[in-house]
Amino acid sequence: MKIAVLPGDGIGTEIVAEAVKVLNALDLKLEMETALVGGAAYEAHGHPLPEATLKLAKEADAVLFGAVGDWKYDKLDRALRPEQAILGLRKNLGLFANLRPAICYEQLVGASSLKPELIAGLDILIIRELTGDIYFGQPRGRRIASDGLFPGTEEAFDTMRYSRPEIERIAHVAFQAARQRAKRVTSVDKANVLETFQFWKDVVTEVGQQYPDVALDHMYVDNAAMQLVRDPKKFDVVVTGNMFGDILSDEASMLTGSIGMLPSASLNASKQGLYEPSHGSAPDIAGKGIANPLATILSAAMMLRFSLNQEAAAERIEAAVKTVLAQGLRTADIFSPGTTRVSTFEMGAAVVRALSSY
Ligand code: NAD
């Protein structure tokens, strides 16, 4: 089982170190190799996704990714910005399905900005399509007015598009995931305004006919954004396109109180995957040893489950995380009076200790 470990920038290195510690504490034959990515790779090699890093990722069964980015790279050409590394990895590995669970842990009910009764027991899965939509459609660009009347006038444009196979494969991922859960899929679109999303809705409906045991409903994205904060527990699996998924998955992650708790998986057709926390590189707290490593540790658990076929080990990690929360250990982002504040390192060590009970 080969794992490419790509810590990246900011808190990436701190949180990935803790996840690696946890993986090493399992009795598994894991081969882990580390490489630079993002701003760190740009500094060392002039590119956020150097050839050697891409080769390592392609040859691995899974990629454990920290986070990339820093405001200091904002002025670089778009192609050289750290975030391009993620897009490059998604493209080169064919990662089309982004799975983001939003689970509310019993002990953290109070960390949410929503009323406890709205989120206690919350367990939803947002599935975002990653390869299509307005992020990749062509043509895209800028036009400078040439009529001379308004010199310098510009317009910018992007193209929204989805192909049938792209929608079909993400719909299958959603229906199959729902079969392991509460058997409900909500497909989110904007079919009332956008042709692309009327097509999306039609294709998801067709695929749904192959899953008569799963209930399918459709919701416009504006309503979905509202329902997620009004009554989030009404959802089980939510499937949507690249842009809506980008926004809704961040909204869903905050339902649970801390973005520092939420893992994610991006999978390709052969279950090779990239596993990363849902949050970014948090330059504001980097180097302080206070970042929450649990999202990354839980991402490592997803990696064991989805790409490495080690369900039992995944469950051990998840149980250990619940144990440390029950022990009252908290990093600063989830701290509340009456609990014990710990550092990134201490949280990782506590998870390793808790593993021995399972
Ligand atoms: P962010 O997720 O990095 O941080 C948002 C807020 O959440 C910050 O206040 C941060 O301190 C806090 N936070 C995030 N993770 C935390 C953790 N594990 N523990 C405790 N607190 C945590 O988002 P941002 O500030 O908008 O972006 C910062 C940089 O990260 C930017 O350069 C952005 O482009 C990049 N980014 C990268 C990814 C990625 O690598 N996948 C995703 C999002 C943003």
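This note goes through the domains, their interface and some local features of a predicted model.

1. Basis. The model is predicted: local features need pLDDT of at least 70, side-chain atom pairs count only at pLDDT 80 or more, and totals for chains, interfaces and linings use all residues. Residues are numbered from 1 along each chain as its sequence is written, and side-chain values use heavy atoms, with hydrogens and water left out.

2. Domains. The domain assignment gives domain 1 as 1-96 + 268-358 and domain 2 as 100-257; such bounds come from an automatic or database assignment. Between the C-alpha centres of domain 1 and domain 2 the distance is 24 Å.

3. Extent of the interface. The size of an interface is often given as the accessible area lost when the parts come together. Here domain 1 and domain 2 bury about 1300 Å² between them, with 69% of it on carbon and sulfur atoms (accessible area, 1.4 Å probe, that two parts lose on being put together, summed over both). On the domain 1 side, Arg90, Phe96 and Ser278 lose the most area to domain 2, and together they account for 46% of what that side buries. In terms of contact (heavy atoms within 4.5 Å), 12 residues of domain 1 meet 13 residues of domain 2.

4. Polar links across the interface. The rule finds 0 salt bridges between domain 1 and domain 2 (a side-chain nitrogen of Lys or Arg within 4 Å of a carboxyl oxygen of Asp or Glu). It finds 1 residue pair in polar contact there, both at pLDDT 80 or more. A polar contact is a pair of N or O atoms within 3.5 Å; within protein, one must be able to donate a hydrogen and the other to accept it, and residues adjacent in sequence count only if both atoms are side-chain atoms.

5. Elements at the interface. Helices H4 (84-93), H10 (294-306) and H11 (311-326) each supply at least two residues of the domain 1 side that touches domain 2. The largest share, 3 residues, comes from H11. Helices (H or I, at least four residues) and strands (E, at least two) are DSSP runs, numbered from the N terminus.

6. Side-chain pairs. A search of the whole structure finds 16 salt bridges. One of them joins Lys21 and Glu18 (2.5 Å, N to O); both residues lie in helix H1 (residues 12-24), 3 residues apart, about one turn of the helix.

7. Backbone. Most residues other than glycine have a negative phi, and most peptide bonds are trans. Gln138 and Pro139 are joined by a cis peptide bond, with omega about 0°, and Pro139 is in strand E6 (residues 137-144). Asp133, in the loop between strand E5 (123-129) and E6, has a positive phi near 75°.
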